[in-house]
Amino acid sequence: MDFDVVVVGGGTAGLTAAMMLARARRRALALDAGEPRNAPSAHLHGFLGQDGTPPAELLATGRAEVTRYGGELRAERVQAIEPAGDGFLVRLSTEDLSSRNVVVATGLRDELPEIGGLRERWGRDVLHCPYCHGHEVRDSPIAVLGGNNRPFTLHQAVLLRQFSADVVFFPHRIVLTESERERLSARGIRVVEGEVAGVRTEEDRVSAVELADGRVEPRRAVFVGPRFLPRDELLTKLGCRVGDNGWVTVDGAGRTSVPGVWAAGNVVSESAQAIQAAAAGSVTAIAINHHLLAEDIERELAVLRG
């Protein structure tokens with residue numbers, strides 16, 4: 001085998017897994033296509049010891065740590081992973097690599113509503129996570145737009161009231177129930193009906209939400225609930241079990257239903273923040289090392305017994 005473990009994905013989950021495996025003196029390779037989910041954000045928050053760090057800086061530090069311990073890094077997109085003998089073939093555009101185990105940490109994609117200005121301001125002042133960004137826009141006029149993820153969007157609205165007394169909910173194309181309206185009213189959240197046409201900006205920052213009928217509501221930050229789409233094609237093509245929620249299932253250590261295939265981070269958890277993804281990568285790496293250790297011992301016993 002070329003490697004003990006190939007990690008697909010170079011975000012916090014994948015790099016943490018690669019670093020831990022390299023520290024355990026495993027032959028580890030991390031492959032990364034260079035499309036981090038949090039690239040538009042200026043800073044990450046809620047990560048102890050790294051709060052306020054630019055995401056690119058955290059990843060650069062992580063890559064340096066992987067190589068410091070003897071792990072390898074390559075900027076490559078994986079075409080496919082296929083079972084091969086006692087391990088796997090990881091197919092790249094230029095070559096095939098063999099590995100005893102694989103970790104998929106390819107993250108997810110945020111699908112935003114088709115509203116003008118959202119994608120352009122995404123990760124700056126068009127946001128989705130109150131825990132990641134709420135403190136930074138505290139006491140500001142905040143908008144919450146009804147998106148494709150109804151439960152998430154409604155939860156955003158009531159949660160963001162903790163951060164500001166001025167929260168306006170725009171249902172957009174969501175039809176609210178009386179119970180939902182009552183909950184919003186009890187929280188002191190104003191509801192503005194009508195289809196949202198776009199988000200306005202002035203001096204490179206959000207200034208207002210514009211409705212299709214021409215009304216304009218001044219706002220300084222916009223929250224929206226995207227649809228979270230896991231980048232799990234490599235896992236599903238391997239036959240990994242998918243749960244009723246549409247996500248590949250893993251146990252507490254990141255083990256999938258296919259022996260030797262592991263997954264960590266947003267590819268199997270829509271709610272994992274950077275610190276949680278890093279923790280998942282560490283847990284998975286330790287479990288893989290124990291799994292490989294058991295195989296090593298069995299092999300050594302077979303040699304000893306002749």
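## Ground rules

Helix axes here are lines fitted to C-alpha atoms over the stretch in contact, and angles run from 0 to 180 degrees between N-to-C directions. Helices (H or I, at least four residues) and strands (E, at least two) are DSSP runs, numbered from the N terminus.

What you're looking at is a predicted model, where local features need pLDDT of at least 70 and side-chain atom pairs count only at pLDDT 80 or more, while totals for chains, interfaces and linings use all residues. Residues are numbered from 1 along each chain as its sequence is written, and side-chain values use heavy atoms, with hydrogens and water left out.

## The whole chain

The protein chain has 8 helices and 17 strands. Its C-alpha atoms fill a box of roughly 80 × 35 × 35 Å along the principal axes.

Out of 306 residues, 49% count as buried (under 20% relative accessible area, with exposed being over 50% and partly exposed in between, using a 1.4 Å probe on protein chains only). Now for contacts, meaning heavy atoms within 4.5 Å: of those with a separation of 6 or more, 60% link residues 24 or more positions apart.

## Helices 5 and 6

Helix 5 (residues 150–160) packs with helix 6 (residues 178–186) at an angle of about 25 degrees, and their axes are 9 Å apart. That makes the two helices roughly parallel (angles under 35 degrees; over 145 is roughly antiparallel, 65 to 115 roughly perpendicular and the rest oblique).

Helix 5 brings Arg-150, Leu-154, Ala-157 and Val-158 to the contact, and helix 6 brings Glu-180, Arg-183 and Leu-184. By class, that's 4 nonpolar, no polar and 3 charged residues (Ala, Val, Leu, Ile, Met, Phe, Trp, Tyr, Cys and Pro are nonpolar, Asp, Glu, Lys and Arg charged, and the others, Gly among them, polar).

## Helices 1 and 2

Helix 1 (residues 12–23) and helix 2 (residues 55–68) pack at about 20 degrees, with axes 9 Å apart, so they are roughly parallel to each other. Residues making this contact include Leu-15 and Met-19 of helix 1, plus Leu-58 and Gly-62 of helix 2. The contact divides into 7 nonpolar, 2 polar and 2 charged residues.

## A look at Arg-26

Arg-26 sits in the loop between helix 1 and strand 2 (28–31). Its relative accessibility is 12%, so Arg-26 counts as buried.

Beyond its neighbours within four places in sequence, Arg-26 is in contact with several residues, among them Asp-4, Arg-100 and Asp-296.
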